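Subject: Structure for you to look at

Hi,

Here is the structure I promised to pass on. Have a look, and then read my notes below.

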Amino acid sequence: AAPVVGMRTTCWKSLRAQRISSRWPWVTPSSMSQRYSATAAIRSPTHTEPRSASSLFLEGPLAERVLLLSVCIAYFLRRSALPLGIDGYTYFIICASLIGALGLYAVLAGGYRVNGACMLMVALTAPSAFLAPEDSLSLPRWAGWVAVLAGVGPLFRGGTPCRIRRSLFKAGLLFSHACVVVSLAMLVTGLSLGGRGGFSGITGHSIFLSQLGAFATVDAFRRAGFSRHGNAWLLYSAAAGLLTLVAGSRAAIAGALCGLTLISYRRPRRWQFVLFVCLLGLSVVMLLLLGGSSDEELERGEQVHPWLSRIYMKGFTNSRTNLWLARWREFVENPLFGVGFQCTTVGSGQARSAGAPVEPGSSFLAVLSMTGLAGAIGVMILTADVLASARRNWRRVDPRTQELMVAFVGAFVFILLAEGSIFAVGEACCILFWSLAGIFGDLPESAKRLD
């Protein structure tokens with residue numbers, strides 16, 4: 001019976017091929033057989049390409065992957081609460097050197113094009129660094145920022161730089177999820193590493209944790225729409241959103257909500273956003289019912305959950321107006337080239353000591369106060385160039401990747417509004433932002449395999 005069945009199958013295929021050839025003469029039986037073999041190979045469960053675990057987020061040769069992994073580890077460790085025993089300036093030099101080595105590797109690999117708009121921005125910001133006092137560390141900070149533009153930013157297009165920024169952005173998201181998962185475990189178990197601010201988890205400050213939490217919330221909510229484990233991703237997104245709320249950064253919370261709104265309005269199923277808000281609201285209500293402190297306990301200084309009390313108090317605290325006024329005064333006093341890559345005054349108007357940490361309070365105002373009108377014009381030229389490139393090639397990008405990029409742009413708008421991360425060379429938010437800007441400016445090649 002087996003040969004008869006095989007003969008019938010062969011005859012049926014040949015008759016079908018003849019009928020198709022009679023209707024469409026350009027389709028030959030040989031092309032039909034090739035089509036059948038290709039379809040069978042695709043449907044075969046054994047037809048899979050060998051892929052290692054690292055290739056899911058790192059691409060390129062082994063040396064490039066090691067360098068990318070070193071950059072991610074260095075940047076995320078710098079803002080962690082782990083006792084490293086390295087002072088801040090030395091660690092800044094380490095991060096800037098690693099990101100500079102990444103840019104040098106991209107140049108030596110070849111196959112790239114220099115972005116003229118980004119080069120013009122670098123040239124317009126250079127006087128701000130060279131005219132600042134020598135003891136302000138403005139020149140090293142500017143050089144580190146240029147290294148970020150060369151290593152992962154939009155300074156180069158095509159070739160190896162395109163692959164590097166894509167891999168770094170994916171690896172940065174992976175490290176963000178790892179930090180959020182560890183911090184959630186610390187929140188549940190009550191562990192603390194002594195970070196500053198509110199609940200900081202594994203990071204050194206609650207602001208950094210809230211930024212990573214916002215990124216993880218948006219990415220997990222996006223994955224819930226197309227993953228086979230959509231409900232699990234949705235629950236994790238709600239947990240990451242709760243962690244962002246516990247960390248207490250209002251800018252990160254607003255950025256996460258903006259990203260979630262953009263994702264939900266790009267999809268026909270709006271119930272996911274409603275379900276997410278319900279889960280997050282239920283979590284907050286449970287926290288308020290199970291713990292926290294009453295008004296009388298707060299007046300006596302008795303706090304059951306100190307981080308919950310900080311959230312309550314910080315919600316009515318204006319911690320940015322003074323910083324914004326200080327940046328505006330610096331711009332008015334130095335309108336052309338700014339004060340350099342530093343802050344000369346604190347929010348109260350007192351002079352800041354030379355070499356002290358920079359806390360601008362807003363990335364947009366930091367551009368004005370640190371680089372003046374010259375730097376602001378350079379940033380606007382680069383922004384127009386990136387947007388023009390994205391508009392030309394936007395339809396050639398995969399819809400899921402479009403969703404990812406749009407959501408993170410919405411999150412970054414609010415985060416950069418209240419945090420001065422745009423020039424913060426040693427922060428993960430800085431390299432993620434500039435790598436995303438480079439991806440937008442080099443579409444569609446830079447967006448391939450980004451999701």
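Which residues in H7 meet which residues in H9? On the H7 side they are His177, Val180, Val181, Ser183, Leu184 and Leu187, and their partners in H9 are Tyr236, Ala239, Ala240, Leu243 and Val246. (Contact means heavy atoms within 4.5 Å.) By class, that contact has nine nonpolar, two polar and no charged residues. (Ala, Val, Leu, Ile, Met, Phe, Trp, Tyr, Cys and Pro count as nonpolar, Asp, Glu, Lys and Arg as charged, and the others, Gly among them, as polar.)

Before going on, some housekeeping. The model is predicted, with local features needing pLDDT of at least 70 and side-chain atom pairs counting only at pLDDT 80 or more, while totals for chains, interfaces and linings use all residues. Residues are numbered from 1 along each chain as its sequence is written, and side-chain values use heavy atoms, leaving out hydrogens and water.

Overall, the protein has 17 helices and two strands (DSSP runs numbered from the N terminus: H or I of at least four residues for helices, E of at least two for strands). Of its 451 residues, 47% are buried, as in under 20% relative accessible area with a 1.4 Å probe, protein chains only.

Back to the helix pairs. H7 (residues 159-189) and H9 (residues 230-247) pack at about 70°, their axes 10 Å apart (axes are lines fitted to C-alpha atoms over the stretch in contact, and angles run from 0 to 180 degrees between N-to-C directions). That is why H7 and H9 are roughly perpendicular to each other (65 to 115 degrees; over 145 is roughly antiparallel). H5 and H15 (residues 363-393) pack at about 175° with axes 8 Å apart, so H5 and H15 are roughly antiparallel. The contact of H5 with H15 has 11 nonpolar, five polar and one charged residues.

Beyond four places in sequence, Phe169 contacts residues including Phe408, Leu432 and Leu450.

Finally, confidence: the mean pLDDT (the predictor's confidence in each residue, from 0 to 100) is 75. Helix H5 (residues 116-130) is highest at 92, and H2 (residues 29-43) lowest at a mean of 38.

Cheers

Conventions:
Angles under 35 degrees count as roughly parallel, over 145 as roughly antiparallel, 65 to 115 as roughly perpendicular and the rest as oblique. Buried means under 20% relative accessible area, exposed over 50%, partly exposed in between (1.4 Å probe, protein chains only).
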